[in-house]
Amino acid sequence: MAAKWQALGEAGNAADVRGCFVPPERAERRCLIALVVGLDRRMAYEPPPDLLKLKTDFLTNEAELPTLAGEKWQTAFARSQKLALEIHRHAWWSEVDNRHSAWMALLQAAKEQQARR
């Protein structure tokens, strides 16, 4: 399949932008649109401190689960569920315009904070 795309691109009949065939006269415009849309995905989000603490606590708790058994595991699992609900119900999610990017920023910040401990 890749050879087919490459052959079509080299022939100059179409431009490959995000897996779409675009006529040569529109390829430049389409590339610009893809670039602008890509910039939107890289928008920086800074999660609030209370949400960051919840996510860090959740990650710490989840890391401990495989080492626990019995009643201790059940207690830790219930705590993970409670933390997950608090994270998802946080008011910050209604303020962000790209929830996926915001989620990834929260995860990255929580992992960095967890590594510093």
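The side chains of Glu 86 and Lys 82 join in a salt bridge, 3.6 Å from N to O. This is a predicted model. Its salt bridges number two, and a search of the whole structure turns up four aromatic pairs.

- Glu 86 and Lys 82 sit four residues apart in helix 4 (residues 70–88), about one turn of the helix.
- Glu 86 is partly exposed, at 31% relative accessible area.
- Lys 82 is exposed, at 54%.

- Asp 57 and Lys 53 form a salt bridge through their side chains, 3.1 Å from N to O.
- About one helical turn separates Asp 57 and Lys 53, because they are four residues apart in helix 3 (residues 49–64).
- Asp 57 is buried, with a relative accessible area of 15%.

**Aromatic pairs**
- A search of the whole structure finds four such pairs. One of them is Tyr 45 with Trp 92: the ring centres are 6.3 Å apart and the planes meet at 85 degrees, so the pair is edge-to-face.
- Tyr 45 lies in the loop between helix 2 (24–41) and helix 3, and Trp 92 in the loop between helix 4 and helix 5 (99–116), so this pair ties together parts 47 residues apart in sequence.
- Tyr 45 is buried at 14% relative accessibility, and Trp 92 is buried at 9%.
- Trp 93 and Trp 103 make a tilted pair, 5.6 Å centre to centre with 35 degrees between the planes.
- Trp 93 lies in the loop between helix 4 and helix 5 and Trp 103 in helix 5, so their pair ties together parts ten residues apart in sequence.
- Trp 93 is buried at 6%, whereas Trp 103 is partly exposed at 24%.
- Ring pairs link Tyr 45, Trp 92, Trp 93 and Trp 103 into a cluster.

Notes
Residues are numbered from 1 along each chain as its sequence is written. This is a predicted model: local features need pLDDT of at least 70, side-chain atom pairs count only at pLDDT 80 or more; totals for chains, interfaces and linings use all residues. Side-chain values use heavy atoms; hydrogens and water are left out. A salt bridge is a side-chain nitrogen of Lys or Arg within 4 Å of a carboxyl oxygen of Asp or Glu. Helices (H or I, at least four residues) and strands (E, at least two) are DSSP runs, numbered from the N terminus. Buried means under 20% relative accessible area, exposed over 50%, partly exposed in between (1.4 Å probe, protein chains only). Rings of Phe, Tyr and Trp (its six-membered ring) pair if their centres lie within 6.5 Å; planes under 30 degrees apart count as stacked, over 60 as edge-to-face and the rest as tilted.
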